[in-house]
Amino acid sequence: MTLIPNSQVKNGACGTALYGLVGSVTTGAKTLAVVLTSGTNQNFYISAISFTGVNQTGGATSFPNGTTGTGTSSAPSKAITSAIGDAVVATGCSATQAISTVSNTTVYNNSTGNTVNGWGNEAAGASSVTLSATLGGSSVWSVSGTDVAASGGAGPSCPKTRTTMGAGC
């Protein structure tokens, strides 16, 4: 997997990033693993989502318009430049507040309210799509999002697989 260009940001206790992988992948159970450096003491969330009909070039061609946002409020959001037929995905975190709602289609919502909380969402592409969440109160937050480019024929289809794992170390 490769870091999607312009999709990594940190805001205090919250950091978000998106990684992408294109190519021929066989069906069936897969393993998604993260290796943390020695001494790392962070809360983190891992989520995977797959699409069909995606441009297979890779990098900024398959995942154009990577973008990030940070702030302190109860309404984190990010507008993502996209196109009809594409898809958009985003992930976000809140340093201290539980996540009340997630816009569009929720990929995951892991929310305890006391420590870093994470969410992910996705939607069909349009010229600009805003993905957002509503928090239980004001908190430091960060959001990373990207467009998922269609292969030129039919656009990316709805997600086929969603696997969500949340873990704290």
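## Chatting through a predicted model

User: Hi! Leaving aside neighbours within four places in sequence, what is Thr 61 in contact with?

Analyst: Hi! Thr 61 is in contact with Asn 55 and Ala 149, once those neighbours are set aside. Keep in mind that this is a predicted model.

User: Okay, and where does Thr 61 sit?

Analyst: Thr 61 belongs to helix H1, which covers residues 59-62.

User: How far is Thr 61 from Ala 150 in space?

Analyst: Their C-alpha atoms are 9.9 Å apart, while the two residues are separated by 89 residues in sequence.

User: Why does Thr 61 count as partly exposed?

Analyst: Its relative accessibility is 40%, and partly exposed covers the range between under 20% (buried) and over 50% (exposed). That is why Thr 61 gets the label partly exposed.

User: Let's zoom out. How many helices and strands does the protein have?

Analyst: The secondary structure comes to one helix and 14 strands. Also, of contacts between residues at least 6 apart in sequence, 76% join residues at least 24 apart.

User: How much of the protein is buried?

Analyst: Buried residues make up 39% of the 169 residues. The accessible surface comes to about 8,500 Å², and carbon and sulfur atoms account for 51% of that.

User: Which residues touch the most other members in the largest nonpolar core?

Analyst: Those are Val 88, Ile 99, Trp 119 and Leu 131, in a core of 13 residues. Strands E8 (87-94), E9 (99-102), E11 (117-124), E12 (128-135) and E13 (139-148) each give two or more residues to this core. E12 has the largest share, with four residues.

User: What about a second core?

Analyst: There is a separate one of eight residues, including Val 54, Phe 63, Val 89 and Val 148. As background, nonpolar side chains tend to be buried together in soluble globular proteins.

User: Which residues form a nonpolar patch on the surface?

Analyst: Met 1, Leu 3, Tyr 19 and Leu 21 do, with about 440 Å² of accessible area together. Leu 21 lies in the loop between strand E4 (19-20) and strand E5 (43-50). Its relative accessible area is 59%, so Leu 21 is exposed.

User: New topic: is Thr 72 buried or exposed?

Analyst: Exposed, because its relative accessibility is 55%, and the cut-off for exposed is over 50%. Thr 72 is part of strand E6, residues 67-73. Beyond four places in sequence, Thr 72 is in contact with Ser 138, Ser 139, Val 140 and Trp 141.

User: And what separates Thr 72 from Ala 95?

Analyst: Those two are 23 residues apart in sequence, with 9.6 Å between their C-alpha atoms.

User: What is the phi of Asn 6?

Analyst: It is positive, about 65°, although Asn 6 is not a glycine. Asn 6 sits in the loop between strand E1 (2-3) and strand E2 (9-11), and its relative accessibility of 60% makes it exposed. Asn 65 also has a positive phi of about 65° without being a glycine. You'll find Asn 65 in the loop between H1 and E6, and at 36% relative accessibility Asn 65 is partly exposed.

User: Last one: where does pLDDT stay under 50?

Analyst: Over residues 160-169. The model has 34 contacts beyond four places in sequence for that stretch. Where pLDDT is low, the predicted coordinates should not be read in detail. For the protein, the mean pLDDT is 83, and 85% of the residues reach 70 or more.

Methods
Residues numbered from 1 in each chain as written. Predicted model: local features only at pLDDT ≥ 70, side-chain atom pairs only at ≥ 80, totals over all residues. Heavy atoms only, no water. pLDDT = per-residue confidence, 0-100. Contact = heavy atoms within 4.5 Å. Patch = residues over 30% accessible without salt bridge, like charges linked within 9 Å, V, L, I, M, F, W, Y side chains within 5 Å. Areas by Shrake-Rupley, 256 points an atom, 1.4 Å probe, with all protein chains shown as cover. Salt bridge = Lys/Arg side-chain N within 4 Å of Asp/Glu carboxyl O. Buried < 20%, exposed > 50% of the residue type's maximum accessible area, 1.4 Å probe, protein only. Core = buried A, V, L, I, M, F, W, Y, C linked by side-chain atoms within 4.5 Å.
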